[in-house]
Amino acid sequence: MDNKVILITGKNHEMNISLAKNLVSQKIKVACCVYSQDLPLYLEFENKTDVQVFKCDFKNEDELMVLERQVEENFGIVNSIIFTQNEQLQKSFLEINEEEWDYVYHSVLQDYFFLVKTFTQSMISKKKPCKVICISTTSSIIPRVNASCYSSAFAAQSLLDACLALELGKYDISFNSICINSKEQVHTYVKNGIRHNQVLTAFISIEQLTDIVLSLLLDTWNALTGKKIVLDSGEILGDLN
């Protein structure tokens, strides 16, 4: 894993920090990218050599280009991007207002769009490979009650990844998602005309998640792209068949 440079970003700051610590222990250089208001959450990384925190407005193309240059000057060219999410709005569709809907969709899709577009364009121009890994949710795969907003946003991001995997694969840029249960959720489904509630409690530890991320970073898996890797101990397997 020597000489690998990973950019970690997204709204799940607890996951970002834990992943950064674990990846640095594997001799990987990590750049955490956050909005300026989130910088205080990353104070423990001050004066570190193998992990640094950079602020950036994802919707500002100039700032994204500056971010890329800063990371390259400090660590080298980014090999992989890890994007985490934490926008789980548990609310009935009839109760969601427009502001809440827009916030979740912008957080899940808009930041991802601007960041990935800027960096993939740069990788293509430099003729460098890149791996994009999105830490998503199992709610992007199966429907759940009171999950219409974030589930549909994650599902859209998942389909975007699949499209980009097809479109950008010729440039050695891959896109894969790791779908996890981030907290206890109730999955409601109908079988034989009867409605059932299933409590999903298979939480994935940060160590397990790191192991999967490290596996995807290996050159052995360079050809893997456009895939959803489901980590939930098989709880939703029946719904996928």
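Modeller: Let us go through some terms one by one. This is a predicted model, in which local features need pLDDT of at least 70 and side-chain atom pairs count only at pLDDT 80 or more, while totals for chains, interfaces and linings use all residues. Residues are numbered from 1 along each chain as its sequence is written, and side-chain values use heavy atoms, with hydrogens and water left out.

Colleague: Why is Thr9 called buried?

Modeller: Buried means under 20% relative accessible area, exposed over 50%, and partly exposed in between (1.4 Å probe, protein chains only). Thr9 has 0% relative accessibility, so Thr9 counts as buried. Thr9 is found in strand 1; helices (H or I, at least four residues) and strands (E, at least two) are DSSP runs, numbered from the N terminus.

Colleague: What makes Ser151 buried or exposed?

Modeller: Its relative accessible area is 9%, so Ser151 is buried. Ser151 lies in helix 4. Leaving aside neighbours within four places in sequence, Ser151 is in contact (heavy atoms within 4.5 Å) with Ser139 and Ser140.

Colleague: What makes a set of residues a nonpolar core?

Modeller: The members are buried Ala, Val, Leu, Ile, Met, Phe, Trp, Tyr and Cys residues joined through side-chain atoms within 4.5 Å. The largest such core has 28 residues, and Leu7, Leu67, Leu115 and Phe175 touch the most other members. Helix 3 gives the largest share of this core, five residues. Apart from it lies another core, of 25 residues, including Val34 and Ile178.

Colleague: Which residues does Leu115 touch?

Modeller: Not counting residues up to four places away in sequence, Leu115 touches Leu7, Thr9, Phe58, Leu64, Leu67, Ile81 and Phe83.

Colleague: Why are helix 2 and helix 3 called oblique to each other?

Modeller: Their axes are lines fitted to C-alpha atoms over the stretch in contact, and angles run from 0 to 180 degrees between N-to-C directions. Angles under 35 degrees count as roughly parallel, over 145 as roughly antiparallel, 65 to 115 as roughly perpendicular and the rest as oblique. Helix 2 and helix 3 pack at about 55°, with axes 10 Å apart, and are therefore oblique.

Colleague: Which residues meet where helix 2 packs on helix 3?

Modeller: Among them, Leu64, Met65 and Leu67 in helix 2 belong to the meeting surfaces, as do Phe114, Leu115 and Phe119 in helix 3.
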